[in-house]
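Below are some notes on the model you sent, kept to strands, helices and the chain contact. Please read them with the structure open.

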Amino acid sequence: MAEAEEWAGRLGIGNYHDRAKQLLSTENQKDRIRELLELSTIYGLRLFERTGLDNEGVGGEQQRVEMYEHVIRGVEGMRVLGHVQSFDYKYFNKAVAESKIHRKHPIYLQEFLDVKENAKGPIKVPITGPYTLVDWSFGGYYTGQRTGSSLKMQKQEAKREFLLDFVEQVIRPEIRDLVDAGASWIQIDEPAITTHPEPADMELFVEGWNETVRGFTCKFSDHTCYPSEIGYKVLAEYAPKLDKCSQLALEFANRDGTSLGVDAKHREGYRDLEYFIENGFEGEFGVGVVHVHDFSGQVPSDAGRATERNIIESPELVRDRLLHATKIVGDPGKIWANPDCGLRTRTWDVTYAKLESIVKGAELAREASQ
Amino acid sequence: MKMPASAELGGIYPRSEQLIELTRSYDRGKTERASVEKQIEQDTIELVELQDESGFENFTDGAFSWQDQLRPIVESLDGVTTGTRYSRWFDTNTFYKKPTVSGKIGLAPFNLKKFIHADLLPKSKPWKASLVGPYTFSELAENLHYKTQSELVSDLAHAEHEIIRRLKADGVSQFQISEPCLVYRPYREQTLSNAELEIALAAIRRTVDGIDARFTIQTFFGDATTILPHLLKLPVDGIGFDLFETDHTRSKIETKKTLALGIVDSRESNVEDPKWIAETATRVSKHIFSDNIVLVPNSDLKFVPRKVADAKSRALAEATRLVEERK
């Protein structure tokens with residue numbers, strides 16, 4: 001409570017005490033959770049506003065546990081089956097399709113309505129993409145329906161049917177609800193797409209994407225982070241085929257050096273950006289300019305500072321990363337400054353400092369470009 | 001033609017939900033290591049019971065303490081460290097600590113417990129251990145020391161040979177050498193060249209050379225059709241492949257080596273019907289025939305939750321009985 005009160009003061013959440021009292025006096029558990037989620041959303045939005053971001057997203061996805069299970073629990077036909085190891089002592093709860101799937105209830109709508117009511121700036125709604133949801137699940141019902149062709153073909157055919165059902169039965173109804181409620185920019189998160197860089201899977205991803213966005217007029221963008229060792233090379237080949245994909249938000253800071261400089265040698269982490277230009281992607285880029293995970297390494301004093309498990313990038317380091325990206329892309333108007341991915345694993349103090357650096361670094365880059 | 005069959009497990013078996021909860025709690029500093037070790041023992045005992053009840057001949061301990069398929073090997077070698085970087089394990093949604101080769105590779109002091117829970121395996125049955133082979137290890141590691149991959153793979157083969165010799169001396173008599181990179185090269189743009197293939201095969205020969213144990217070379221995650229004829233020439237007892245990735249209909253092979261048929265899918269939660277397994281094994285034998293078929297999961301079962309893995313293991317055992325009845 002003390003931390004919540006402190007941040008209320010720092011973020012100018014004026015009615016904190018009234019809301020806290022109201023929350024504590026609410027007896028119905030469901031109502032109390034609802035109030036808590038809305039208040040959390042306000043905190044997230046105010047944090048983004050205070051740091052000066054141009055877009056408030058949905059206030060840091062405060063109403064979601066994480067990107068996979070949050071959706072799966074809203075899908076009829078999916079059942080969470082049990083944990084499988086991700087790495088070491090980290091696991092994820094994996095679900096299976098037990099029957100043909102469809103949406104139980106709106107998944108992101110209430111969050112969007114809360115954001116819309118409380119945000120003071122533009123909103124971008126991130127949603128988990130259908131390819132990733134399918135790739136991270138067991139096909140179950142879909143896999144079991146197949147006979148005839150080779151086992152490999154059966155699995156691929158099942159994956160396609162599962163994917164297209166996710167698109168039609170879950171994701172498109174969700175987008176329809178969001179657009180009807182006023183959403184104008186939807187970011188589709190597809191981290192799984194670089195897991196399978198084979199043509200069959202990449203074509204499947206494109207098919208699923210194009211079917212997802214068909215007929216909608218809002219802005220769409222893709223976010224794909226932490227690619228496999230092949231990097232973004234294969235995604236770059238297929239990105240121009242993604243209908244209505246006006247922006248790619250990508251992770252680069254994670255593999256970049258920490259010295260200042262705008263040349264390719266200092267900015268080696270941004271090399272893959274070139275592939276997208278070579279392959280003719282003409283949209284914007286959300287360029288990851290700050291690291292979002294644990295950091296261990298040296299940081300020159302003019303490029304930021306290392307604190308415990310974090311790096312706080314200086315505005316100058318952010319500036320140089322943006323200027324280098326601009327050199328590759330050729331048009332500063334196509335460059336957005338982003339964190340590599342969500343900052344959920346960082347503390348609010350670290351998050352605040354990183355977002356401030358992004359905003360100041362973008363200002364420095366604009367000045368340098370003029 | 002008769003087709004004797006048996007079933008076996010290999011690689012890392014999934015941890016129970018109890019063990020998962022304890023390891024998570026341990027990771028957060030809320031549980032003592034001893035509690036985790038106790039549950040690892042319990043998981044091992046339960047898996048041994050499952051294999052016993054199911055009529056398995058060769059027993060594995062499930063490798064419940066292995067953090068990934070490479071870690072015990074890395075921790076037993078000089079010249080290699082695990083580092084802090086995680087890399088994707090092929091095209092799965094799981095990760096391994098990428099080994100960094102920074103010096104000449106040799107065997108460090110050997111600790112059997114890193115590899116196998118020998119005290120919990122039945123004395124009356126043969127024990128099986130699974131190790132990633134030297135070629136695949138080299139492909140998944142970061143090499144900062146050796147000038148050529150050939151030198152790296154050769155030293156890895158020598159080191160793994162020594163590990164296997166010690167495991168054999170401690171009672172392990174069956175070895176699965178996993179070489180998935182022979183059939184699936186994660187994110188490489190070129191196919192396996194003849195020169196690389198020869199490096200890999202020479203390393204396998206070196207790894208098994210002179211050790212009186214049963215060896216199976218197991219491939220998975222990719223189509224083994226073109227590699228099988230090469231593997232059949234190796235001085236090993238068996239070869240194995242992933243039926244969910246391999247188009248067996250393109251092959252016409254008859255061999256006296258044991259065929260480890262990866263016939264239950266460790267990437268899918270549906271439990272295969274024993275009847276389907278038996279029928280499929282029979283169909284495959286029309287293209288790739290062996291006097292001795294071992295029904296196995298297509299890779300480590302760690303990719304499915306424990307209860308699913310248990311059901312798949314029992315299905316394998318039941319399928320062997322059906323195959324025997326068809327003889």
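1. The model is a predicted one. Every remark in this note should be read with that in mind.

2. Chain A has an open sheet built from six strands, and their order is β3-β4-β5-β6-β7-β10. The pairing in this sheet is parallel. Its edges are β3 (125-128) and β10 (335-339) of chain A, each of which has a pairing on one side only. On average, and with direction ignored, neighbouring strands are turned by 25° against each other.

3. One residue pair to look at is V125(A), which has I186(A) in β4(A) as its bridge partner.

4. Turning to helices, α2 (residues 16-25) and α3 (residues 29-51) of chain A pack with their axes 9 Å apart and at an angle of about 155°. The two helices α2(A) and α3(A) are therefore roughly antiparallel, since angles over 145 degrees count as such. The crossing of α2(A) past α3(A) is left-handed.

5. The residues behind that packing are R19(A), Q22(A) and L23(A) on the α2(A) side, and R32(A), E35(A), L36(A) and L39(A) on the α3(A) side. Sorted by class, this contact holds three nonpolar, one polar and three charged residues.

6. In chain B, helices α5 (residues 149-169) and α6 (residues 194-208) cross at roughly 25°, and their axes come within 8 Å. That angle makes α5(B) roughly parallel to α6(B), because the limit for this label is under 35 degrees. The crossing of α5(B) and α6(B) is right-handed.

7. Which residues of α6(B) does α5(B) meet? They are I199(B), A200(B), A203(B), R206(B) and T207(B). From α5(B) the contact draws on Q149(B), S150(B), V153(B), S154(B), L156(B), A157(B), H158(B), E160(B), H161(B) and I164(B). The class count for the contact of α5(B) with α6(B) is seven nonpolar, six polar and two charged residues.

8. Also in chain B, β10 (residues 238-242) and β11 (residues 253-264) pair in the parallel sense, with five bridges. Within this pairing, A260(B) of β11(B) stands opposite G240(B).

9. Is the β-α-β unit made by β11(B), α8(B) and β12(B) right-handed or left-handed? The unit is right-handed, and its helix α8 covers residues 274-285 of chain B.

10. The contact between the chains takes 29 residues from chain A and 33 residues from chain B. On the side of chain A that touches chain B, β1 (75-87), β2 (90-103), α7 (141-144) and α8 (151-180) of chain A each supply at least two residues. The element that gives the most to this side is β1(A), with seven residues. By class, the residues of this side of chain A are 11 nonpolar, 13 polar and five charged.

Key
Residues numbered from 1 in each chain as written. Chains lettered and ligands numbered in written order. Predicted model: local features only at pLDDT ≥ 70, side-chain atom pairs only at ≥ 80, totals over all residues. Pairing = 2+ DSSP bridges. Helix = DSSP H or I, 4+ residues; strand = E, 2+ residues; numbered from the N terminus. Axes fitted to C-alpha atoms, helices over the stretch in contact; angles between N-to-C directions. Parallel < 35°, antiparallel > 145°, perpendicular 65-115°, else oblique. Left-handed = near helix turned anticlockwise from the far one by under 90°. Contact = placed C-beta atoms within 7 Å. Nonpolar A, V, L, I, M, F, W, Y, C, P; charged D, E, K, R; others polar. Right-handed = clockwise from strand over helix to strand, strands pointing away.
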